Amino acid sequence: MKHYDYSKFKDPDWSDDWIYSGLYGPDDKIVGSPELSDSTQEEYWGIHRVDGRLEIDVRRFEYACYRLGDHDPYFPEALRKKGPFYIASKVHRHDYTCNYLMDSIHNLKEDWNGEYKPLFDKVFSPKDAEDSYRTNTMMMIGDSELYDSVELGSKWAYFNRLNTYYRIRAELYYTFLTKVIIEIHRIILRAMTMQLYQNTEYSVFNLKTYCNGAGVDFHHLKNWKVYLKYNNVYNFLKHNSVQAYETLKRFNSKCLIETDKKYENGMFAMDWLNSKEINIDELLSDIVPFLQDFCKKVLGENLKQAKWDYDDYFIETQKELEDPMEHFGIYGACGMSPWD
């Protein structure tokens with residue numbers, strides 16, 4: 001016996017026993033979309049509000065995904081096994097801790113690649129100093145016979161800029177590295193708090209204790225060494241202490257330059273780090289398996305199901321397929337109107 005009546009929609013292809021068989025019709029043509037007035041209604045999508053939650057008519061939702069867009073990216077295969085009617089496990093995307101962590105790392109990657117990396121090209125380089133000296137001097141004296149003298153001064157400006165140039169670039173790099181590590185600590189603490197962690201302090205020891213409380217050995221999580229490596233680098237940059245130096249040397253000696261000099265309290269930690277072994281892109285990439293394994297083993301979350309098993313997923317899918325340009329704000333960005 002059918003749960004909902006969809007006869008009011010102008011859909012000649014729909015029937016209560018409809019089964020997905022592919023994107024193409026009998027003439028190998030992509031099936032057309034329904035009228036806009038139909039697709040804007042949640043009921044068309046099999047989305048029904050019951051006692052403050054969404055109940056999904058699984059077959060109808062699959063049909064709408066089939067009619068309005070590419071079926072596979074939008075309709076979760078696992079949902080078909082939940083039918084015929086399904087209420088999601090969560091309401092919002094970030095009700096799943098793994099989604100919160102993955103979105104946070106994604107934002108950090110966007111900041112690094114889109115905002116911070118371009119700053120390195122803005123630093124006044126030795127070549128900039130050389131060209132600037134040559135141009136400014138020639139403009140002032142205007143005497144071509146002094147060209148050799150100007151060239152000598154230009155080369156001096158080049159070499160005089162080298163140390164400052166590399167120092168500024170290194171400071172920019174380690175400043176953002178510190179930001180990334182701080183953010184990773186923050187989002188892990190926030191994730192634990194979402195799971196009722198009540199300690200007012202946070203450290204690697206606290207994280208290990210939290211994992212042990214869930215019956216998981218921290219050292220059995222994927223890429224745990226990556227997390228500890230960059231935590232040790234962060235502590236050295238933060239404290240500039242002999243203890244932080246010795247810890248980094250003991251567990252991650254490759255992160256330090258080879259030297260016969262002895263490190264003393266208060267020496268600039270950045271000068272002792274081996275930049276070839278410390279890589280922000282590596283950190284942002286390799287920390288993902290660690291966070292995912294933490295969510296899976298410690299928090300018991302299903303990472304694949306978390307991608308879609310919440311109410312907002314179905315509403316967002318409807319809006320995106322119904323009018324992608326409106327959903328992603330392209331109309332406004334282009335100065336267009338949805339009615340153009």
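Let's start with a charge above a ring: Arg60 lies over the face of Tyr6, at 4.6 Å from the ring centre. Arg60 also lies over the face of Trp14, again with 4.6 Å to the ring centre. Both of these rings belong to one aromatic cluster, made up of Tyr6, Phe9, Trp14, Trp18, Tyr44, Tyr63 and Tyr66. Keep in mind while you look around that this is a predicted model.

**The chain as a whole**

Let's step back for a moment. The protein chain has 14 helices and three strands. It counts 340 residues, and 40% of them are buried. How much of the contact between residues at least 6 apart in sequence joins residues at least 24 apart? The share is 68%.

**Rings that meet**

Now back to the aromatic residues. A pair of aromatic rings is described by the distance of the centres and the angle of the planes. With ring centres within 6.5 Å as the rule for a pair, the count comes to 33 aromatic pairs. Two of them are set out here, and you can find both in the structure above.

| Ring pair | Distance of centres | Angle of planes | Kind |
|---|---|---|---|
| Tyr4 and Phe85 | 6.0 Å | 80° | edge-to-face |
| Tyr263 and Trp272 | 5.2 Å | 90° | edge-to-face |

Why is the pair of Tyr4 and Phe85 called edge-to-face? Its planes stand at 80°, and planes over 60 degrees apart count as edge-to-face. For Tyr263 and Trp272 the planes are at 90°, so this pair is edge-to-face as well.

Where do Tyr4 and Phe85 sit in the chain? Tyr4 is in the segment before α1 (36-39), while Phe85 is in strand β3 (residues 85-86). Phe85 has a relative accessible area of 26%, so it is partly exposed.

Next, look at helix α5 (residues 126-141) and helix α6 (residues 147-194). Their axes come within 7 Å and cross at roughly 145°. The crossing in which α5 passes α6 is right-handed. From α5, the residues in contact include Pro126, Tyr133, Met138 and Ile141. Their counterparts in α6 include Val150, Glu151, Tyr158, Leu162 and Tyr165. Sorted by kind, the residues of this contact are 10 nonpolar, three polar and six charged.

Finally, a look at the backbone. Most residues other than glycine have a negative phi, and most peptide bonds are trans. Which residue in the loop between α6 and α7 (204-213) deserves a look here? That place belongs to Leu196, whose phi is positive, near 75°. Leu196 counts as exposed, because its relative accessibility is 72%.

Asn240 is not a glycine either, yet has a positive phi of about 50°. You will find Asn240 in the loop between α8 (224-239) and α9 (242-251). Is Asn240 buried or exposed? At 17% relative accessibility, Asn240 counts as buried.

Notes
Residues are numbered from 1 along each chain as its sequence is written. This is a predicted model: local features need pLDDT of at least 70, side-chain atom pairs count only at pLDDT 80 or more; totals for chains, interfaces and linings use all residues. Side-chain values use heavy atoms; hydrogens and water are left out. Axes are lines fitted to C-alpha atoms, for helices over the stretch in contact, and angles run from 0 to 180 degrees between N-to-C directions. Helices (H or I, at least four residues) and strands (E, at least two) are DSSP runs, numbered from the N terminus. A crossing is left-handed if the near helix is turned anticlockwise from the far one by less than a right angle, and right-handed if clockwise. Contact means heavy atoms within 4.5 Å. Ala, Val, Leu, Ile, Met, Phe, Trp, Tyr, Cys and Pro count as nonpolar, Asp, Glu, Lys and Arg as charged, and the others, Gly among them, as polar. Rings of Phe, Tyr and Trp (its six-membered ring) pair if their centres lie within 6.5 Å; planes under 30 degrees apart count as stacked, over 60 as edge-to-face and the rest as tilted. Buried means under 20% relative accessible area, exposed over 50%, partly exposed in between (1.4 Å probe, protein chains only). A charge sits over a ring if NZ of Lys or CZ of Arg is within 6 Å of the ring centre and within 35 degrees of the ring normal.
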